[in-house]
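Colleague: I have a chain open on my screen and would like someone to walk me through it. Can we start once it is up?

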Amino acid sequence: MCSACGNPAALGHWTEAGAQKGGIRLRAMFNRVSILKRVLKPYGFSVYADGVIPQIQLICPGGARVMVNNLTELWAEVERLQGFPIDPLETQSMA
């Protein structure tokens, strides 16, 4: 159980494979957040994670925030809110 938020500890996601220690997991998570910000920016979305709670905050174009547990949930929520799929590998979104 998370001592900060009271949520059950989140199970590891495949993107965290190989991250055995907390510090390594945090660095990997901050790297993912940095990449996600660049990918989502052209669509008006952003993300925030501080490492204190296990979720990622998806920040919508209007400023609303949605909590997601992993990248699978993040993409599903972005597509739901956007109304069409976003290809995270699209090269123009990384500009």
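Colleague: Fine. What kind of model is this, and how are the residues numbered?

Modeller: This is a predicted model, in which local features need pLDDT of at least 70, side-chain atom pairs count only at pLDDT 80 or more, and totals for chains, interfaces and linings use all residues. Residues are numbered from 1 along each chain as its sequence is written, and side-chain values use heavy atoms, with hydrogens and water left out.

Colleague: What is the average pLDDT of the chain?

Modeller: The average is 79, and 72% of the residues score at least 70. pLDDT is the predictor's confidence in each residue, from 0 to 100. Helices (H or I, at least four residues) and strands (E, at least two) are DSSP runs, numbered from the N terminus.

Colleague: And the rest of the chain?

Modeller: Where pLDDT is low, the predicted coordinates should not be read in detail.

Colleague: OK, the sheet. In what order do the strands come?

Modeller: The order is β1-β2-β3, in an open sheet of 3 strands with antiparallel pairing. Because β1 and β3 stand at the edges with a single partner strand each, one side of each has no neighbour in the sheet. The twist from one strand to the next averages 30°.

Colleague: How many bridges hold β2 to β3?

Modeller: There are 4 bridges between β2 and β3 (residues 65-68), and 3 between β1 (residues 46-48) and β2. Two strands count as paired if DSSP finds at least two bridges between them. Ile56 stands opposite Val68 in β3, while Val47 faces Leu58 in β2.

Colleague: Which way do the residues of β2 point?

Modeller: Ile56 and Leu58 point one way, Gln57 and Ile59 the other, and all are buried. Buried means under 20% relative accessible area, exposed over 50%, and partly exposed in between (1.4 Å probe, protein chains only).

Colleague: Why does Gln57 count as buried?

Modeller: Gln57 counts as buried because its relative accessibility is 15%. Its side chain makes a polar contact of 2.8 Å with the side chain of Arg65. A polar contact is a pair of N or O atoms within 3.5 Å; within protein, one must be able to donate a hydrogen and the other to accept it, and residues adjacent in sequence count only if both atoms are side-chain atoms.

Colleague: What about Gln55, where is that?

Modeller: Gln55 is in the loop between β1 and β2. Gln55 is buried too, because its relative accessibility is 12%. Its side chain has a polar contact with that of Asn69, at 3.4 Å.

Colleague: Last topic. Which residues touch the most other members of the largest nonpolar core?

Modeller: Leu40, Phe45, Val47, Leu58, Leu74, Trp75 and Val78 do, out of 18 residues. α1, β2 and α2 (71-82) each give two or more residues to this core, and α1 gives the most, with 5. A nonpolar core is a set of buried Ala, Val, Leu, Ile, Met, Phe, Trp, Tyr and Cys residues joined through side-chain atoms within 4.5 Å.

Key
Axes fitted to C-alpha atoms, helices over the stretch in contact; angles between N-to-C directions.
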